[in-house]
Amino acid sequence: MAFPNDFLWGGASAANQYEGGWNEGGRGVAVHDLMTDGTKDEPRRIYCMNNSGDEVTIQQGECIPFGYEGHLKEGYYYPSHQATDFYHNYKEDIALMAEMGFKTFRLSISWTRVFPNGDDERPNEAGLQFYDSVIDELIAHGIEPLVTVLHFDMPLNLASRYGGWANRKLIDFYLTFATTLFERWRDKVTYWITVNEINVLGGYWTLGLASNNRKDGSFSNQGETPMGDAGIKLQSIHHLLVASARANAIAREINPHFKLGTMCALSGIYPATCHPDDVFGAYEFRRKALMFSDVTMRGAYPNYAQSIFDAYGFELEQEDGDEDLLRENTSDFLAFSYYRTTAFDRNSPNTTTTGGQQASPNPYLEKTPWGWPIDPKGLRFVLNELYDRYQKPLFVVENGMGNVDTLEPDGSVHDEYRIAYLRDHIAEMRDAVEIDHVDLLGYTMWSAVDIVSAGTGEMKKRYGLVYVDLDDKGNGSLKRYRKDSFYWYKRVIATNGSCLE
Ligand code: BG6
């Protein structure tokens with residue numbers, strides 16, 4: 001048998017895309033609550049205003065200008081407010097997961113539900129109680145909770161008052177948050193992920209950054225050269241890496257049996273041709289992503305990090321003790337997301353700072369309606385690449401297909417394209433385990449129930465095995481329907497991955 005008997009089959013989600021209940025139970029406002037919906041071609045936006053009432057808009061991933069603050073604007077739709085309403089439907093959703101035989105469910109905790117302002121002295125008890133109920137419900141159904149502490153979540157107050165993750169003070173606020181969770185669910189949660197996709201975070205949305213942040217988190221107003229967006233981002237991610245290492249140390253004190261992971265976006269990169277500049281260019285580009293898992297899995301910035309920093313004219317600022325912390329508190333497993341592969345073409349170099357994806361054509365691959373190349377073999381490649389490199393257990397915590405689904409009058413949804421996508425990826429994952437002997441802890445496909453797309457804010461870019469009756473503007477009954485993929489995945493889990501038909 002390919003998959004071990006304790007293989008963790010399940011599905012994944014993130015609070016900002018799934019939970020809703022944005023102003024209930026004492027929850028505070030997060031930056032993502034200010035992000036409008038968008039489409040494949042129209043980016044999501046955040047409206048921002050300064051003290052004089054001047055308004056600008058920024059897009060996902062961009063930094064806010066100095067002195068501005070994001071705000072809600074009448075007449076716009078904000079998908080995170082209701083999302084697909086896990087907040088009020090968690091019992092039904094968990095029952096559906098149990099019906100599919102889920103062994104695990106990956107959820108993230110909304111920072112502002114637990115610490116409404118991010119810097120509060122005490123947590124919001126109502127927020128914790130909501131998650132108590134969710135975790136108890138999962139356990140009652142025999143489902144192991146897999147908790148992401150931070151998934152694209154930035155308390156608005158921490159962005160406005162402190163300048164977001166450019167400011168080292170955020171490390172302590174994060175640790176207060178993480179410690180509260182570790183202590184609260186010390187005996188209930190074993191698997192933790194400290195930060196989601198640490199390598200692709202950036203801008204105001206996920207890091208709370210202004211374009212003229214100084215390294216200490218204060219703002220450069222006039223006459224001074226700010227760090228530049230790439231520099232602010234790299235310095236901020238350093239703070240997150242330190243926060244994650246310190247969280248590992250604290251967690252191990254609280255319960256030495258915890259299994260601690262960090263999570264990176266590690267969809268694969270190929271050279272577009274065998275031209276040596278494509279091959280080396282792809283290799284260098286991949287390192288921009290692997291640099292971060294090198295830190296969390298090996299405990300230090302790799303030698304080549306300096307050349308990445310040099311390319312951006314960036315000088316990393318570390319405090320005494322940072323290097324020791326990173327070295328002594330590596331993660332137990334590497335969790336990663338895999339959706340597609342990208343081809344690196346020397347003639348149109350991919351310029352993202354940290355190895356994130358940009359669409360480049362690969363003539364050998366079909367694409368999803370959102371233009372994401374479908375590459376199951378790439379998953380086997382990446383599993384091997386990562387296991388060769390780290391020799392520590394891996395966990396595929398996101399993999400899935402965003403597609404338009406049709407709800408039939410009889411309540412069925414025939415999503416054979418999703419079944420094909422998942423089947424082909426699981427088959428390659430099985431080969432990686434069975435033939436290549438990669439140590440893989442589990443697979444949480446994206447996503448158990450339909451959720452809002454992070455990238456476009458659309459509802460119609462659906463990933464779930466369960467359909468939620470909701471449209472792009474938030475209209476619908478929120479009623480849940482089992483898709484054909486629901487019944488298919490149930491069989492996959494029941495046979496521990498040996499039957500994929
Ligand atoms: C990952 C994120 O990058 O990709 C998820 O961790 C996200 O939050 C997923 O939903 C798919 O991307 P999108 O933009 O299609 O939702």
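Here is a short chat about this predicted model, going from its overall build to a few residues.

Reader: How many helices and strands does the chain have, and what does the globule rule give for 501 residues?
Author: The secondary structure comes to 14 helices and 15 strands. The radius of gyration is 21 Å, close to what the globule rule gives for 501 residues, so the chain is as compact as a globular protein of that length. Along the principal axes, the C-alpha atoms fill a box of roughly 65 × 55 × 45 Å. As for the globule rule, its value here is 23 Å.

Reader: What share of the contacts between residues at least 6 apart in sequence join residues at least 24 apart?
Author: Let's start with burial: buried residues make up 61% of the 501 residues. Now take the contacts between residues at least 6 apart in sequence; the share that joins residues at least 24 apart is 75%.

Reader: And the surface and charges: how far apart are the centres of the positive and negative side chains?
Author: The chain exposes about 18900 Å², and carbon and sulfur atoms supply 47% of that. On the charge side, there are 47 positive and 71 negative side chains. The centres of those two sets lie apart by 2 Å.

Reader: Is Asp85 buried or exposed, and at what relative accessibility?
Author: Asp85 sits in the loop between strand 4 (69–71) and helix 2 (86–99). Its phi is positive, about 60 degrees, although it is not a glycine. Buried means under 20% relative accessible area. Asp85 therefore counts as buried, at 9%.

Reader: What is the phi of Asn496?
Author: Most residues other than glycine have a negative phi. Asn496 is found in the segment after helix 14 (484–494), and it counts as buried at 11% relative accessibility. Its phi is positive, near 50 degrees.

Reader: Which residues is Ser80 in contact with, leaving aside neighbours within four places in sequence?
Author: Ser80 lies in the loop between strand 4 and helix 2. At 5% relative accessibility, Ser80 counts as buried. Its contacts are Asn16, Gly20, Trp22, His32 and Asp33.

Reader: How far apart in space are Asn124 and Ala98, C-alpha to C-alpha?
Author: Asn124 is found in the loop between helix 3 (111–114) and helix 4 (125–140), and it is buried, with a relative accessible area of 15%. Its contacts beyond four places in sequence include Gly25, Gly26 and Arg27. In sequence, Asn124 and Ala98 are 26 residues apart; in space, the separation is 29 Å.

Notes
Residues numbered from 1 in each chain as written. Predicted model: local features only at pLDDT ≥ 70, side-chain atom pairs only at ≥ 80, totals over all residues. Heavy atoms only, no water. Helix = DSSP H or I, 4+ residues; strand = E, 2+ residues; numbered from the N terminus. Rg over C-alpha atoms; globule rule 2.2 N^0.38 Å. Buried < 20%, exposed > 50% of the residue type's maximum accessible area, 1.4 Å probe, protein only. Contact = heavy atoms within 4.5 Å. Areas by Shrake-Rupley, 256 points an atom, 1.4 Å probe, with all protein chains shown as cover. Lys, Arg positive; Asp, Glu negative; His and termini not counted. Charge placed at Lys NZ, Arg CZ, Asp CG, Glu CD.
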